[in-house]
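Below is a short briefing on one protein chain, arranged by topic. Please keep the sequence and the structure in view while reading.

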Amino acid sequence: MATRGAEQWSGTRASRFIGIAAGWCVAGAAWAQCTEGWLPGTGWPAPPTGLAWWDPDGAGPRPEVLVAAGGPQRASGLSRERVVTWDGVQWRALGGEFTAAGLPEAPVGAVIFDGELIVLGGFDAVGGEPAGRVARWDGTRWVSLGPAPSDWTRVSTMGAHNGRLYAAGTVGATRVVREWTGSAWRTIGAFDGSAAVTRVLSFRGELVVAGSFAGIEGVAADSVVAWDGARWRSLGVDFVRTSGGMVRDAAVFNDQLVVAGVLLGSTGTGTIRAAARYDGQAWLPLGDVGVTEAWGVGVVGDELWLS
């Protein structure tokens, strides 16, 4: 079956997306085939913090499923599962108790890489087996991606770029960005001072990292930076930290980088509020979105969705 790529909704924004989208055509039909309208959703005691589309058998006959990570989830009787899938008919659990220092610790995100389902967060074990804050599903159980125990304190977000997997999180008290080499995590950047990272994604041949920070590796930058494989550079943002805000999410749409969050600024073409787009040369307003802040942005087909 065809995949939808490495889509990831993680962090607090996913709770807003689930509130908007979970009840929208949950019968399992393709979005374009749905009859417009809202349908009752299942109960969620704690909203999912990570959503991803995943094709479990690649080119095989099984359909894509929606993965919901976080929780605990309460989907059709699955009382305390941390990762569940929806195949259009029923919810299924991908079992294994996620813990940190022996206490429950749910994943905060989910991403698909090389056809595999990977979850991330602050957990150090799954099902009693050590896991280095990142785990992959091998078809029957969760196994650590990389050394376990790990020097990661927490992994907050992940994304794919140029065939490699990248992650942002905390090592000790330092916020870092790392690349997965296939056998180990390699640090490619440490943030200057306090930082929060909400999204890593690929844009025009570079790795883009967004959140709320003042710089990385001595390069001053307002909450959005790019890595070309050798060095970091600012993308010229000046409307995030100056207004006390942050980038909560980012996506690529029509070959432009779109960011959403608590944003406020002005350009020669208008006022930036809640969302903005980068055409490779300058930041521009994203129309009148009608809100003062946004929690998430995503691409569905040929449409850009903002929540």
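**Briefing on the chain**

Strands β14 (residues 154-161) and β15 (residues 164-171) are an antiparallel pair joined over 7 bridges. The model is a predicted one. Its chain contains 1 helix and 29 strands, and 47% of its 307 residues are buried.

**The hairpin of β14 and β15**
- H161 has R164, a residue of β15, as its bridge partner.
- Between the two strands of this hairpin there are 2 residues, and N162 adopts a positive phi near 50 degrees.

**The sheet β24-β25-β26-β27**
- An open sheet is built from 4 strands in the order β24-β25-β26-β27, with antiparallel pairing.
- β24 (246-253) and β27 (283-285) are the edge strands; each has a single partner strand, so one side of each lacks a neighbour in the sheet.
- On average, neighbouring strands in this sheet are turned by 40 degrees against each other, with direction ignored.
- β24 and β25 (residues 256-267) run antiparallel and are joined by 7 bridges.
- F253 is bridged to Q256, which belongs to β25.
- As a general point, the strands of a sheet pair through backbone hydrogen bonds, in either a parallel or an antiparallel way.

**Nonpolar cores**
- The largest nonpolar core contains 19 residues, and V208, V224, L235, F239, L257, V259 and W283 have the most contacts inside it.
- Two or more residues of this core come from each of β18 (196-203), β19 (206-212), β22 (224-227), β24, β25 and β26 (270-278).
- V224, with neighbours within four places in sequence left aside, is in contact with V208, V209, A210, F213, S234, L235, V237, V247, L257 and W283.
- A separate, second core has 18 residues, including A52, V67, A131 and A135.

**Aromatic pairs**
- The whole structure holds 11 aromatic pairs.
- One of these is the edge-to-face pair of F98 and F123, with 4.9 Å from centre to centre and 70 degrees between the planes.
- F98 belongs to strand β6 (residues 98-100), while F123 sits in the loop between β9 (116-121) and β10 (125-126); the pair therefore ties together parts 25 residues apart in sequence.
- F98 has a relative accessibility of 0% and so counts as buried, the limit being under 20%.
- F123 is buried as well, because its relative accessible area is 0%.
- F98 and F123 belong to one aromatic cluster together with W137 and W142.

**The loop residue A230**
- A230 lies in the loop that connects β22 and β23 (232-234).
- Is A230 buried or exposed? A230 counts as exposed because its relative accessibility is 54%, and the limit for that class is over 50%.
- A distance of 8.7 Å separates the C-alpha atoms of A230 and I188, which are 42 residues apart along the chain.

**Surface and contacts of the whole chain**
- Of the contacts between residues at least 6 apart in sequence, 42% join residues at least 24 apart.

Conventions
Residues numbered from 1 in each chain as written. Predicted model: local features only at pLDDT ≥ 70, side-chain atom pairs only at ≥ 80, totals over all residues. Heavy atoms only, no water. Pairing = 2+ DSSP bridges. Axes fitted to C-alpha atoms, helices over the stretch in contact; angles between N-to-C directions. Buried < 20%, exposed > 50% of the residue type's maximum accessible area, 1.4 Å probe, protein only. Contact = heavy atoms within 4.5 Å. Core = buried A, V, L, I, M, F, W, Y, C linked by side-chain atoms within 4.5 Å. Phe/Tyr/Trp six-rings, centres within 6.5 Å; stacked < 30°, edge-to-face > 60°.
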